[in-house]
Amino acid sequence: MRIGELLGAGRSADVYALDEKWVLRRYRDGMDATPEWMVMSYLGAHGYPLPRLGPRDAETPPCDLVLQRLTGPTMLDSVLTGDLPAADAAAVLAGLLAELHTVPARLSPDPEDRILHLDLHPGNVMLTDRGPVVIDWGNTREGAPAADRAMSSLILAQVAVDSRSPLADGARALLNALLPHLSASGGMPDRQLAEAASQRAANPTMSPHEVALIGRATSLIKELTT
């Protein structure tokens, strides 16, 4: 397998071109991507919009995933350019969360549990010719859907309260548009919001500045949903 040019770099992984159809996603710290592959395979079988999976065998390094090469902007890019209004982006994001939460848990015996993404924000949605596609499943686990809604809201709220960020106003507009959709889907009890805040604070990819914003971000969500 010949690895080509670097196409993108996230907080914990890099994406390289393989050919016209496939890319390689590699975790820098060597994290085992096998659980992620299994969840993506399960969701793909249920028709959820995510990248197709390439071959994975005993010779594939644990930290690697071969994925379909997607063409199109991220939702974040489309919102920033004005091609996608905040209200439309919020409806798409809420729809992706709601659709995900129709898929039964793969492992949990609790009938109320669902597959959770736990990092579903505009930067992790690609707008392709076949519609929106959700990427970056490294944080996935199973649990209450409210935990996913809380995490997506908190990620946006952290940007919205960041006076240093040029994205703050856009994040605030998107959050304002998203929260009514999430409330209609079941909302997020204080417990799930507190758990999301704890998980964000413990995330090793968060800078001290980002961690310091979590309290204000939590307060903003509560203010907007009261």
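Mentor: Glu 210 has a relative accessibility of 19%, so it counts as buried (under 20% relative accessible area; exposed is over 50%, partly exposed in between, with a 1.4 Å probe and protein chains only). The model is predicted: local features need pLDDT of at least 70, side-chain atom pairs count only at pLDDT 80 or more, and totals for chains, interfaces and linings use all residues. Numbering runs from 1 along each chain as its sequence is written, and side-chain values use heavy atoms, without hydrogens and water.

Stay with Glu 210. Its place is helix α7, residues 208-212 (helices are DSSP runs of H or I with at least four residues, strands are E runs of at least two, numbered from the N terminus). What does Glu 210 touch, leaving aside neighbours within four places in sequence? Its partners are Arg 11, Gln 158 and Thr 205 (contact: heavy atoms within 4.5 Å).

Gln 158 leads on to the next helix. It is one of the α4 residues that meet α6. Helix α4 spans residues 145-160 and helix α6 spans residues 190-202. Their axes come within 8 Å and cross at roughly 55° (axes are fitted to C-alpha atoms over the stretch in contact; angles run from 0 to 180 degrees between N-to-C directions). The pair α4 and α6 is therefore oblique (under 35 degrees is roughly parallel, over 145 roughly antiparallel, 65 to 115 roughly perpendicular, the rest oblique). The crossing of α4 with α6 is right-handed (near helix turned clockwise from the far one by less than a right angle).

Now the residues. From α4 come Ala 146, Ala 147, Ala 150, Met 151, Leu 154, Ile 155 and Gln 158. From α6 come Gln 192, Leu 193, Ala 196, Ala 197, Gln 199 and Arg 200. By class, the α4 and α6 contact holds 9 nonpolar, 3 polar and 1 charged (nonpolar: Ala, Val, Leu, Ile, Met, Phe, Trp, Tyr, Cys, Pro; charged: Asp, Glu, Lys, Arg; the others polar).

Follow α6 to its next partner. Helix α8 covers residues 214-225, and α6 packs on α8 at an angle of about 155°, with the axes 10 Å apart. That angle makes α6 roughly antiparallel to α8. The crossing of α6 with α8 is right-handed. Which residues make the contact? On the α6 side they are Asp 190, Leu 193, Ala 197, Arg 200 and Ala 201. On the α8 side they are Ile 214, Thr 218, Ile 221 and Lys 222. The classes for α6 with α8 are 5 nonpolar, 1 polar and 3 charged. Leu 193, Ala 197 and Arg 200 of α6 meet α4, and they also take part in the contact with α8.

Go back to α4 for Ser 153. Ser 153 lies in this helix. Is it buried or exposed? Ser 153 has 0% relative accessibility and so counts as buried. Leaving aside neighbours within four places in sequence, Ser 153 is in contact with Leu 175, Leu 179, Leu 182, Met 188 and Ile 221. Ile 221 belongs to the α8 side of the α6 contact.

Leu 182 points to another pair. It is among the α5 residues in contact with α3. Helix α3 is residues 86-100 and helix α5 is residues 168-184. They pack at about 40°, with axes 8 Å apart. At that angle, α3 and α5 are therefore oblique. The crossing of α3 and α5 is right-handed. The α3 side consists of Ala 86, Ala 87, Ala 89, Ala 90, Ala 91, Leu 93, Ala 94 and Leu 97. The α5 side consists of Ala 173, Leu 174, Ala 177, Leu 178, His 181 and Leu 182. By class, α3 with α5 gives 13 nonpolar, 1 polar and no charged.

Ser 12 sits between β1 (6-9) and β2 (13-17). Its relative accessible area is 30%, so Ser 12 is partly exposed. Beyond neighbours within four places in sequence, Ser 12 is in contact with Arg 26, Tyr 27 and Arg 28. Ser 12 and Arg 28 are 16 residues apart in sequence, with their C-alpha atoms 6.1 Å apart.
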